[in-house]
Structure formats: C-alpha cells, structure tokens
Amino acid sequence: MQIQQALSAACSALGLERLDAQLLLLHTLGRPQDDRAWLLAHDSDVLAPEAEMRYINLTRRRAAGTPLAYLTGQREFYGLTLQVDARVLDPRPDTETLVDWALERLPPSGALIDLGTGSGAIALAIKKQRPDAQVRAVDTSADALAVAQTNARRLGLDVRFSQGNWLEGVDERFHLIVSNPPYIAEGDPHLARLGHEPQLALTSGSDGLDAIRTLITQAPLHLHPGGWLLLEHGWDQAQTVRALLAQTGFADVASHLDLAGIERCTAGRWPAA
Ligand SMILES: C[S@@+](CC[C@H](N)C(=O)[O-])C[C@H]1O[C@@H](n2cnc3c(N)ncnc32)[C@H](O)[C@@H]1O
C-alpha cells in the first residue's frame, strides 16, 4: 500500500483526523513528528508489509479512542517533549495556562511543589523556564512517578520527586503550591471518552471537588506568608473554588481563562501574618 492510500484509508474508513493519521504514520516509520512534509514528498512510496500492519494496528487503536500521545509515546508540553503512556494523564494544552501563571508568581529562587505531578509536565516545564527554582513534585501513583522521573532524567531537569498523599508528610513551606488534581465527578458522562487514562488522574468524589477541598485545607500550613496556591479545575468549578479559597482565608482570589476562554485555574494568596 502506498503512503497516500494508507493515509486516505485511515481517514475515510476509520474516521481519523488527517493530522493524527499523519503523525501515526511518521511514528510507524520512525520519522520525527515534525516531518509531515516528508510524507507529502513520498506519498507514492510503498509501505513495507510489516510497517503497514503496524500502522493499521495503531490507527485502529486511535479510532477506538486511545490518546494519540499513548500511541506515539510522546506529548509536547510547554516546549518540552515528554514521554507519556497509559500510566499517566495525557497532559493537556490548557494546563499551560497554570504554568504561565506559576511562572508569573514564582519569586527569584522560590520554592514550589507540584501536587499530582503525573508525567511531571508542570514541574518540569517550570524548572526548565526557571532553573533557579527549588522544585518538588508529589504523586500517589508509583507508576506515574516512574514516568515523571524518567522524563526529568532525559531532560536533565533537577526536580525532587516523592510518593505521597497530597501534602501529607511534606514538612516544608513553599512560595507556590501548584496542582492539576483529578476534578471530574464520579459518574460524569464525559468519563466514557476518557477510559484509556488512569481513573486516579480523573475522578475525585461525587462532585469532583474532594481533592481540591483537601488541597485548600492543607495548603496554608505549607505556604510561606504571601505564598500562592494555584489550582486547575473543571470548566464549571471556578466559582466554587473561589468560594472555598476565600472561606479558608486566602486573599486576592482570582481565576484565569484557558485557551478556549473558560475559567480553568483559580489561585489565592495566603496572607502575611
Ligand atoms: C489530572 S492528573 C494531572 C497530572 C499532571 N500534573 C498534568 O497536569 O498532566 C492528577 C494526578 O494526581 C495524582 N493523584 C491522585 N490522587 C492523589 C493523591 N491523593 N495524592 C497525590 N497525587 C494524587 C494522579 O495520580 C495524577 O497523576
């Protein structure tokens, strides 16, 4: 089968988006993900039977809902190429909003902790931009930590990782606590589309807010006076998260929009004395 026929079949017969079909074919052929021009220049090349079989397998899995990043094993996040697989959430572009905000708030040589680090996306992006920062990252999942630590080693970024339940057992204070915790309500119909990602990364109690409530309760004991708690949350949770932060005594509570214009992150400052 020629390259152009393979791409057409993936799009027309399986309903894949053209970009996904192209990226999977580049992956199959061991070519860089930014080499789509090569596919155009070689559209009449014939795929070796073994490559064709692997491509068909990958495109079928994509059509069945497996995230593209799990199939190619990588995801671009804040200019970093992260290795990802089914042990971690596939990092979302919207989470770059949280990174932008954290970089604005982090003082020189500041201390930061990323709670529920998954692939390490947030912690590693911040450390890359701010090598002066002291960055810690926690996850309860040993599998996720293994992925994050591999990413840190490969990218040469010095982040201190540990396994734990949010801030339990952490005995330091930070200038910034950041987290993209699980925030989907158990039983939410959207979960059906997310079945390939770890449940632990997705759901948090009957209203999706259990983890966020825990983080807001724990954070004051772990923030320097004037330090910030920055949280990502669901599209309809900003108002509730603002209220929870304000009730707990956080000041300057505000939300930021994601790429789609949705209030996606909310933060508060723990007041000085
Ligand atoms: C939504 S994912 C975020 C992953 C990553 N920070 C990102 O933005 O791509 C939430 C993460 O929280 C972790 N997690 C869930 N419960 C936790 C807990 N009790 N303590 C620490 N981490 C937890 C999950 O394992 C998962 O990696």
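**View 1. Trp 166 sits in the loop between strand 5 (160-163) and strand 6 (174-179).** Strands and helices here are DSSP runs numbered from the N terminus (E, at least two residues, for strands; H or I, at least four, for helices). Phi of Trp 166 is near 45°, a positive value in a residue other than glycine. This is a predicted model, in which local features need pLDDT of at least 70 and side-chain atom pairs count only at pLDDT 80 or more, while totals for chains, interfaces and linings use all residues. Residues are numbered from 1 along each chain as its sequence is written, and side-chain values use heavy atoms, with hydrogens and water left out.

**View 2. Here is the ligand with the 18 residues that surround it.** Trp 166 is among the closest, together with Gly 116, Asp 139, Asn 165 and Asn 180; a residue belongs here if one of its heavy atoms lies within 4 Å of the ligand.

View 3. A polar side-chain atom of Asp 139 lies 2.6 Å from a ligand oxygen atom. For Asn 165, a side-chain N or O atom is 2.8 Å from a nitrogen atom of the ligand.

**View 4. Tyr 78 occupies the loop between strand 1 (74-77) and strand 2 (80-83).** Its phi is near 50°, again positive in a residue other than glycine.

Terms used:
Polar contact = N/O pair within 3.5 Å; in protein donor to acceptor, adjacent residues only side chain to side chain.
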